[in-house]
Amino acid sequence: MQVSFAAVRPENTDVIGFVIQKSQWESFAFPLDNADAARETARLARFEGNAGQSFLYFAQEGGRTVRIALVAVADGDAADYPRAGGDLLAKVQTCGAKTIALHAANLDAKAAAEVAYGALLRNWRIDKYRTKLPETSKPTITGLTVVGAPAEAEALWPSYAAIAEGVALTKELVSEPANIIYPESFVERCQHLQALGVEIDVLDDKEMAKLGMGALLGVAQGSVRPARLLVMKWDGTGGKQEKPVVFVGKGVTFDTGGISIKPAAGMEDMKWDMGGAGAVAGAMKALAGRKAKAHVVGICGLVENMPDGNAQRPGDVVTSMSGQTIEVINTDAEGRLVLCDALHYAQENFKPDTIIDLATLTGAIIISLGKEHAGLFSNSDELSDQLLAAGKASGDKLWRFPLSPAYDKLIDSPIADIKNVGPRDAGSITAAQFLQRFIQDGVKWAHLDIAGMAWGDKDGPTWAKGATGYGVKLLDCFIADNYEG
């Protein structure tokens, strides 16, 4: 879908859209042939401008029958605008209409851009494998024109478009089935980032073995798909920011659970167990696409967790790159084994002051937070506050959980330095406590458990059922607010 900006509404527009704040509703002047009819029709449908309300109807405009769409947002709630754009798009995505004109004279520049951004996100779907999809179910919208917005909206748009491209990459990686996206093909899907100025390095399984990444490779040893470590480097500061911010993503491209195998029902969903790595790749594309003035490195630990005759067994002891030994109690607690080596590699090679990992790490976080927030764990109040603020601004919401030495005893091993899983109690916290043991002194670290947020079981405000793209705008906002100001 192409997004453009214009002073007046293009002729022959199929859909005319309005996003209206509650306080504007009573006095809103519809730029339509029959503004009174628009208001009366909305009233009959009980549209009162309350946040989240929407209404679609047909009307005569310029001698043509067109669709008129109204969406209401809360006064002053910036996070509502992408949702409103997504709602607007979803109402007409498959109706046969091709073009939308969004009247935005009542919106400020940022709000207008964010409505268009939300519509662009919501228009993404993965239909490539649906060979018998009826014509009436196929998306038809090809263009959205933002009409009458302040001039600054068009100036803001390239950055929003770049972020949307990053979200689209994340959705693509997370949505593809595991026979299509596996460690090697994940790397290939990210090669195009080089054209944006991202420097890419890839470590294969032999190179990782030489570095002593026994934890990560232990997860991969049951699969015919070899592991990869993908490193993406973007420096938009010309060397001024010496130490990069590092993002690390869990990239388990399919997770059977290994020998501690998962139940068959629902296992097909485990193609999205690389949602953290997908978010890191998408964030790197967004940052490079908008030429962010920051120095950022993205690292993805990529493995497939399978249960063949060479697979890791419960009770095995592996040695991580840091030298710490790990007793593998449960092979389905594999993400932390991947992350601990990736985190250590990041610290050894890039010496960051700040490191953030993202992972679909625990089912326990879904029990705690459902699908409304991702879990945030951090050794730094400052970093935690920055991420919480970015979560609020981006709409990728976070909720902070505690870390404490009191939880360490739950993952002490009788035969190794640490075991990879504790009891059922505090499952998400003990997973974070595990990762914290691999963070070096003086490094500000945050762990984001996004297990409830990477995938939607139903349509969401800016995604169709499936991959949500969670984390891309969060990381972009974090960088913009704290490194580019």
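Gln93 counts as buried because its relative accessibility is 4%, where buried means under 20% relative accessible area, exposed means over 50% and partly exposed lies in between (1.4 Å probe, protein chains only). The model is predicted, so local features need pLDDT of at least 70 and side-chain atom pairs count only at pLDDT 80 or more, while totals for chains, interfaces and linings use all residues. Residues are numbered from 1 along each chain as its sequence is written, and side-chain values use heavy atoms, with hydrogens and water left out.

Gln93 sits in the loop between helix 2 (80-92) and strand 5 (99-103). Helices (H or I, at least four residues) and strands (E, at least two) are DSSP runs, numbered from the N terminus.

Asp127 lies in the loop between helix 3 (109-122) and strand 6 (143-147). Its side chain makes a polar contact with the side chain of Arg125 (2.9 Å). Beyond its neighbours within four places in sequence, Asp127 is in contact with Leu133 and Pro139.

The loop between strand 1 (2-6) and strand 2 (15-21) holds Asp14. Is Asp14 buried or exposed? Asp14 counts as buried, because its relative accessibility is 18%. Leaving out residues up to four places away in sequence, Asp14 touches Arg64, Val66, Arg67, Ala97, Lys98 and Thr99. The side chain of Asp14 makes a polar contact with the side chain of Arg64 (3.3 Å). A polar atom of the Asp14 side chain also lies 2.8 Å from the backbone nitrogen of Lys98. Between Asp14 and Gln433 there are 54 Å in space, C-alpha to C-alpha, and the two are 419 residues apart in sequence.

Asn12 lies in the loop between strand 1 and strand 2. Asn12 is exposed, because its relative accessible area is 55%. Its phi is near 60 degrees, a positive value in a residue other than glycine. Ala426 also has a positive phi, near 55 degrees, and is a residue other than glycine. Ala426 is found in the loop between strand 16 (418-419) and helix 12 (427-436), and because its relative accessibility is 26%, Ala426 counts as partly exposed.

Two helices can be followed from end to end. Helix 4 (residues 151-175) has 25 residues and reaches 36 Å from its first C-alpha to its last, close to the 36 Å expected at 1.5 Å a residue; the expected span is 1.5 Å times one less than the number of residues. A kink of about 40 degrees lies at Trp157 in helix 4, shortly before the proline Pro158. The bend at a residue is the angle between axes fitted to the seven residues ending there and the seven starting there. Helix 9 (residues 335-350) has 16 residues and reaches 22 Å, close to the 22 Å expected. Of its 16 residues, 14 are buried, so helix 9 is largely enclosed by the rest of the structure. Lys351 follows helix 9 and has a positive phi, near 45 degrees.

The interior comes next. A nonpolar core is a set of buried Ala, Val, Leu, Ile, Met, Phe, Trp, Tyr and Cys residues joined through side-chain atoms within 4.5 Å. The largest such core has 55 residues, of which Phe186, Met232 and Phe247 touch the most other members. Helix 8 (residues 275-289) contributes the largest share of this core, 8 residues. Apart from this core lies another, of 42 residues, including Val297, Val318, Val328 and Ala342. Phe247 is in contact with residues beyond four places in sequence, among them Val280, Leu287, Val297 and Phe478.

How many disulfides does a search of the whole structure find? The search finds 0 disulfides, a disulfide being a pair of cysteine sulfur atoms within 2.5 Å. For Cys300, the nearest cysteine sulfur is that of Cys190, 6.4 Å away. Cys300 counts as buried because its relative accessibility is 0%.

Note on methods: Contact means heavy atoms within 4.5 Å. A polar contact is a pair of N or O atoms within 3.5 Å; within protein, one must be able to donate a hydrogen and the other to accept it, and residues adjacent in sequence count only if both atoms are side-chain atoms.
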